[in-house]
Amino acid sequence: MNGTATRTTGRIAQIIGPVVDVDFSGENATLPQIFDALYVKTKSGEDLVLEVQQHLGEHRVRTIAMD
C-alpha cells in the first residue's frame, strides 16, 4: 500500500441491511480493491464508511457498512 487514495464516484445500487452494493459503471471508473474503504455522505452530513468485501462483476462491488 503506497498511501495514496484514488477518487472515483460510484452509485449505490442496492441496500440490504448493512450490505451495500455499489456500481462503478461510469466513464473512467475503476473498481476499488477488496478491503478498500468507501465513504458515503449521509443526510446529516456525516461520512458512513463502507468496506469492500467482494467484486460482483458488471462494475459492481459488495460492501459492508461499518456503522
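Thr63 counts as buried because its relative accessibility is 0% (buried means under 20% relative accessible area, exposed over 50%, and partly exposed in between, with a 1.4 Å probe and protein chains only). The model is a predicted one, in which local features need pLDDT of at least 70 and side-chain atom pairs count only at pLDDT 80 or more, while totals for chains, interfaces and linings use all residues. Residues are numbered from 1 along each chain as its sequence is written, and side-chain values use heavy atoms, with hydrogens and water left out.

Thr63 belongs to strand S5, residues 60-65 (strands are DSSP runs of E with at least two residues, and helices are runs of H or I with at least four, numbered from the N terminus). The side chain of Thr63 comes to 2.7 Å from the backbone oxygen of Val20, a polar contact being a pair of N or O atoms within 3.5 Å; within protein, one must be able to donate a hydrogen and the other to accept it, and residues adjacent in sequence count only if both atoms are side-chain atoms. Leaving aside residues up to four places away in sequence, Thr63 touches Pro18, Val19, Val20, Val22, Leu38, Leu50, Glu51, Val52 and Gln53, where contact means heavy atoms within 4.5 Å.

What order do the strands of the open sheet take? The five strands are arranged S1-S2-S5-S4-S3, with antiparallel pairing (two strands pair if DSSP finds at least two bridges between them). Strand S1 (11-16) and S3 stand at the edges with a single partner strand each, so one side of each has no neighbour in the sheet. From one strand to the next, the twist averages 35 degrees; axes here are lines fitted to C-alpha atoms, for helices over the stretch in contact, and angles run from 0 to 180 degrees between N-to-C directions.

Now to the individual pairings. Strand S4 (residues 47-57) is joined to S5 by six bridges, and Gly57 stands opposite Arg60 in S5. Between S3 and S4, also antiparallel, there are five bridges, and Leu38 has Leu50 in S4 as its bridge partner. The hairpin of S3 and S4 has five residues between the strands, and Gly45 takes a positive phi near 95 degrees there.

Ile34 lies in the loop between strand S2 (19-23) and strand S3 (37-41). With a relative accessible area of 33%, Ile34 is partly exposed. Ile34 touches Val52, Gln53, Gln54 and His55, again not counting residues up to four places away in sequence.
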